[in-house]
Amino acid sequence: MILADAIRTIPDYPKKGILFRDITTLLGDARAFRRAVDELVHPFAGAKIDKVAGIEARGFILGGAIAHQLSAGFVPIRKKGKLPHATIRVAYSLEYGVDEMEIHTDGVLRGERVILVDDLIATGGTAEGAVKLLSNLGAEVVAACFVIDLPELGGADKIRRLGVPVRTLVEFAGH
Ligand code: AMP
């Protein structure tokens with residue numbers, strides 16, 4: 001099975017010139033969903049992962065399944081204002097401007113081994129913000145996992161330069 005074939009591409013969404021890589025078709029395909037989760041976790045079986053951190057919102061779906069597979073806890077990283085308890089916040093860059101995301105201060109403990117999960121890495125701004133949140137709480141970010149990499153945008157290399165190994169399954173050219 002070719003995972004890339006389970007991902008749908010929508011041209012000019014959410015705006016002209018963007019090729020939106022839609023993983024809802026992959027999630028809806030039982031074999032493709034299982035394969036993606038299995039392949040993402042494969043290197044970390046036995047790696048004693050304490051928590052999986054998922055980035056809102058598609059990172060929650062993949063991250064929950066990955067946490068279950070690794071017998072790890074799950075911690076959400078959310079857009080600002082959504083988490084009910086005490087949080088720390090970080091600004092991160094989007095294509096135009098900045099936004100902020102948050103994690104509960106007790107979401108991860110100092111020294112915990114954490115895997116970060118999202119559906120796709122493009123410029124790496126989102127993942128970089130998430131790594132900062134986890135690092136600021138004293139967690140060890142063991143790896144960052146994404147189903148899709150857009151390598152021309154350099155995000156995976158940006159995260160590797162932070163000292164975090166990156167695992168991706170499908171590459172698409174362009175952005
Ligand atoms: P970035 O911060 O540039 O790495 O962007 C990554 C975030 O934006 C992820 O949460 C993705 O879900 C979303 N994203 C960016 N580009 C695309 C794209 N071409 N198709 C689908 N999602 C995208």
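A polar contact is a pair of N or O atoms within 3.5 Å; within protein, one must be able to donate a hydrogen and the other to accept it, and residues adjacent in sequence count only if both atoms are side-chain atoms. The model is predicted: local features need pLDDT of at least 70, side-chain atom pairs count only at pLDDT 80 or more, and totals for chains, interfaces and linings use all residues. Residues are numbered from 1 along each chain as its sequence is written, and side-chain values use heavy atoms, with hydrogens and water left out.

**Exercise 1.** Determine which side-chain oxygen reaches the backbone nitrogen of Arg31 at the start of α2.

*Solution.* Helices are DSSP runs of H or I with at least four residues, numbered from the N terminus.
1. Helix α2 covers residues 30–41.
2. At its start, a side-chain oxygen of Asp29 comes to within 3.1 Å of that nitrogen of Arg31.

**Exercise 2.** Determine where the buried residues of α2 fall around its axis.

*Solution.* Buried means under 20% relative accessible area, exposed over 50%, partly exposed in between (1.4 Å probe, protein chains only).
1. Ala32, Ala36, Val37, Leu40 and Val41 are the buried residues of α2.
2. Viewed down the axis of α2, they fall within an arc of 155 degrees (taken from the directions from the helix axis to the C-beta atoms), so they line one face of the helix.
3. Ala30, Arg31 and Arg34, on the other side of α2, are exposed.

**Exercise 3.** State which polar side-chain atom lies 2.6 Å from an oxygen atom of the ligand.

*Solution.*
1. The atom belongs to Thr126.
2. A polar backbone atom of Ala122 is 2.8 Å from an oxygen atom of the ligand.

Technical notes. Helix = DSSP H or I, 4+ residues; strand = E, 2+ residues; numbered from the N terminus. Expected span 1.5 Å × (residues − 1).
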